[in-house]
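Please look over the sequence and the model first.

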Amino acid sequence: MDIKLKKVNAISGVIEVPADKSITHRAVILSSLAEGNSVIRNYLSSDDCNRTIEAFRQMGAEIKIDKSNLYVKGIGLKLSKPQNSRYDIYAGNSGTTTRLLAGILAGQDFETVITGDASLSKRPMRRIIDPLSEMGAKIKSENGLLPLTIKGHAPLKSVNYVNNKSSGQVKSAVLFAGLYADGVTTYTEPVKSRDHSERMLKAFGADIKIDGNSVAICPTGKLISQDITVPGDISSAAFFIAAALIVPGSNLTIKNVGVNPTRDGFLEILKRMGADITLTNMREVSHEPVCDIIVKYSKLKAANVDACLVPRMVDEIPIFVLVATQAESITRVSGAKELRVKESDRIYSVASQFKKLGAQVESLDDGFIINGAGGIKFTGTLLDSFEDHRIAMTLAIASLIAGGETVIKDSNCVDVSFPGFYETLRDICK
């Protein structure tokens, strides 16, 4: 489906964004592995999260949906073989489902095949195959890609795994596998990646210790059911934060947004650029920091993003590039080579489509050079989302400051993380 969008006069109003995708995945996984009945309030009903829900239903968890809540009767750490004739699990476009689930399946006593759509089947899985194989799982894969055939082993071998890249998904896979190990499993990374798994594992009763960029988990035998409320997703809020910053005369409030310190790099760099952003009503909800965010149109100056900041804003880099095109002077993004292997090659996707709009964006092997010149004027044109939800939403926000009409191909891919995105955008455009 294509969508047509036009320039707007201002962004204003009060909105809420969908629940956090990363937290929803982990809540479904740990509730399914727990003993007893868990409630997941305000879960994200998106294509990706629904794949995780269906996977655990196949393996014995009872998951009921009532409006925006999930009611989960856990099966415990020992799952049942997937209930279909091929014993496989289809992950769709969800890399999180695939990689986190692989850590759980590594400790089961049956064989499972994980498959995915054409896009997911091109994404690298060697990063989880290596540590899980080291722990004793037997994983078959051609060239480190899907499908993955995983023959679990219990108990797994405890390891001290050191990753030279920071990845919340790899960390989570190893920690989840550590629940089935014969001793303490330790994971270390160069920069601390998103820590939703550590926070939630601790809440569910896991024996977990954190020391800087290292996390150690000791198998406890069981997890305890919880009542969880999922906050709004900062990665979804980022698009509307950007819109309010770059459209003159804007004033927007976004309520109930998660501001986990391992996910707030986007806010940090924007404040460094001079953005008028206020965080109010700070509180903790289900072990996660949450607040309301007030954003006003701002004159921005350039600020660079390097490898130390990338793990805290990796999903927000496409929309950050848009903001940088409207800042004064030159912005450089480096250390973001991971963008090459997301749902699309996001470095190519962003640079190629922004050039069509008239922006001065140069792609690097690991990032971008953006010449903002104090606010590049865009011209609407036909743009390609590459069927990547974050690219589609970034281009939609770019259309708000583009003269004429902007058409985005395959715009419905936003449903992966933000069902109702265009409706929310329409409501705040003046």
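The model is predicted.

**A pair of helices**

Helix H3 spans residues 95-105 and helix H4 spans residues 126-134. Their axes come within 10 Å and cross at roughly 5 degrees. Angles under 35 degrees count as roughly parallel, and H3 and H4 are therefore roughly parallel to each other. On the H3 side, the residues that meet H4 are Thr98, Arg99, Ala102 and Gly103. Their counterparts in H4 are Arg127, Ile128 and Leu132. Sorted by class, the contact of H3 with H4 has three nonpolar, two polar and two charged residues.

**A three-stranded sheet**

Three strands form an open sheet in the order E1-E24-E22, and the pairing is mixed. Strand E1 (3-6) and strand E22 (382-384) are the edge strands, each of which pairs on one side only. From one strand to the next, the twist averages 30 degrees. E22 and strand E24 (residues 405-409) run parallel and are joined by three bridges. Within this part of the sheet, Leu383 stands opposite Ile408 in E24.

**Two residues in detail**

The table sets out the accessibility of two residues.

| Residue | Relative accessible area | Class |
|---|---|---|
| Lys21 | 9% | buried |
| Thr381 | 28% | partly exposed |

Lys21 is found in helix H1, which covers residues 21-33. Buried means under 20% relative accessible area, so Lys21, with a value of 9%, is buried. The side chain of Lys21 makes a polar contact of 3.2 Å with the side chain of Asp48. Leaving aside neighbours within four places in sequence, Lys21 is in contact with residues including Leu44, Ser46, Asp48 and Cys49. Asp233, His389, Arg390, Val416 and Ser417 are also among the contacts of Lys21.

Thr381 lies in the loop between strand E21 (378-379) and E22. With a relative accessible area of 28%, Thr381 is partly exposed. Residues up to four places away in sequence are not counted in what follows: Thr381 touches Lys356, Leu357, Glu405, Thr406 and Val407. How far apart are Thr381 and Gly403 in sequence and in space? Thr381 and Gly403 are 22 residues apart in sequence, and their C-alpha atoms are 9.2 Å apart in space.

Notes:
Residues numbered from 1 in each chain as written. Predicted model: local features only at pLDDT ≥ 70, side-chain atom pairs only at ≥ 80, totals over all residues. Heavy atoms only, no water. Axes fitted to C-alpha atoms, helices over the stretch in contact; angles between N-to-C directions. Helix = DSSP H or I, 4+ residues; strand = E, 2+ residues; numbered from the N terminus. Parallel < 35°, antiparallel > 145°, perpendicular 65-115°, else oblique. Contact = heavy atoms within 4.5 Å. Nonpolar A, V, L, I, M, F, W, Y, C, P; charged D, E, K, R; others polar. Pairing = 2+ DSSP bridges. Buried < 20%, exposed > 50% of the residue type's maximum accessible area, 1.4 Å probe, protein only. Polar contact = N/O pair within 3.5 Å; in protein donor to acceptor, adjacent residues only side chain to side chain.
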